[in-house]
Amino acid sequence: MHALIVFASGAGSNCKAIIQYFECHNKARVALIVTSNAEAGVLAIAADYRIPTHVLQKGEAARSEFIERIEQIHPALIILAGFLWRIPDRFIQAFPRKIINIHPALLPEFGGKGMYGAFVHQAVLQAHKTKSGITIHYVDEQYDHGDVIMQAHCAVQTRDTPETLAARIHRLEHFFLPRTVDFLLAQQDVAAGNNDLL
Ligand code: GRF
């Protein structure tokens, strides 16, 4: 059983999609939800599914005690799903190729500091793009920059508002994020020789 850790600052719908997807496999489970916001909706989801949570303090993710706590869980993946704080370099370096992020646009466009939530969709609409989408990528020391794992596109319609575009993007995210996690876990299994395929 692989342990997953989700970092989320908001509603947590992507976190919920991951929990529900793996509910019926015994391949993985969300072992911990970390949030930067003690009011985040994701905490109610954690309570519903009885998943332990941790409300992060500023600067804490760079501290040894926190990194050790995460190491003890042996996460197969750490998934940033709407996590608004920058992850400190020290934390990133402690979990090489284990931290992934989902971004609600087609990187490298519409990424970087300040490009989150509705700001991303507003920028896509202002640029009169005819398509947008999602990017799931590894996390490195720069915002929205690490190697891309997958992208999925959707059309931008002339009558879209940031809200209607966000809803379409969320549907893509909820489908592709759990399946991409599943794919990455299968890759880890194959690399470790623990797979029925072999
Ligand atoms: C998603 O659109 C994700 O791409 C972005 O933040 C949003 C989080 O939504 N990084 P939710 O909290 O999972 O509903």
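**Helix pair**

I looked up helix 1 (residues 13-23) and helix 6: their axes come within 9 Å and cross at roughly 50°. That makes helix 1 oblique to helix 6, because angles under 35 degrees count as roughly parallel, over 145 as roughly antiparallel, 65 to 115 as roughly perpendicular and the rest as oblique. Helices here are DSSP runs (H or I, at least four residues), numbered from the N terminus. The model is predicted: local features need pLDDT of at least 70, side-chain atom pairs count only at pLDDT 80 or more, and totals for chains, interfaces and linings use all residues. Residues are numbered from 1 along each chain, and side-chain values use heavy atoms, without hydrogens and water.

I listed the residues in contact (heavy atoms within 4.5 Å). From helix 1, A17, I18 and Y21 are among those that meet helix 6, where the partners include H174, L177 and L185.

**D189**

I then went to D189, which lies in helix 6 (residues 162-192). Is D189 buried or exposed? D189 counts as buried because its relative accessibility is 14%; the cut-offs are under 20% for buried, over 50% for exposed and partly exposed in between (1.4 Å probe, protein chains only).

I found no salt bridge for D189, the term requiring a side-chain nitrogen of Lys or Arg within 4 Å of a carboxyl oxygen of Asp or Glu. K27, the nearest side chain of opposite charge, is 6.7 Å away. Neighbours within four places in sequence aside, D189 contacts H2, N194 and N195.

Methods
Helices (H or I, at least four residues) and strands (E, at least two) are DSSP runs, numbered from the N terminus. Lys and Arg count as positive and Asp and Glu as negative; His and the chain ends are not counted. Axes are lines fitted to C-alpha atoms, for helices over the stretch in contact, and angles run from 0 to 180 degrees between N-to-C directions.
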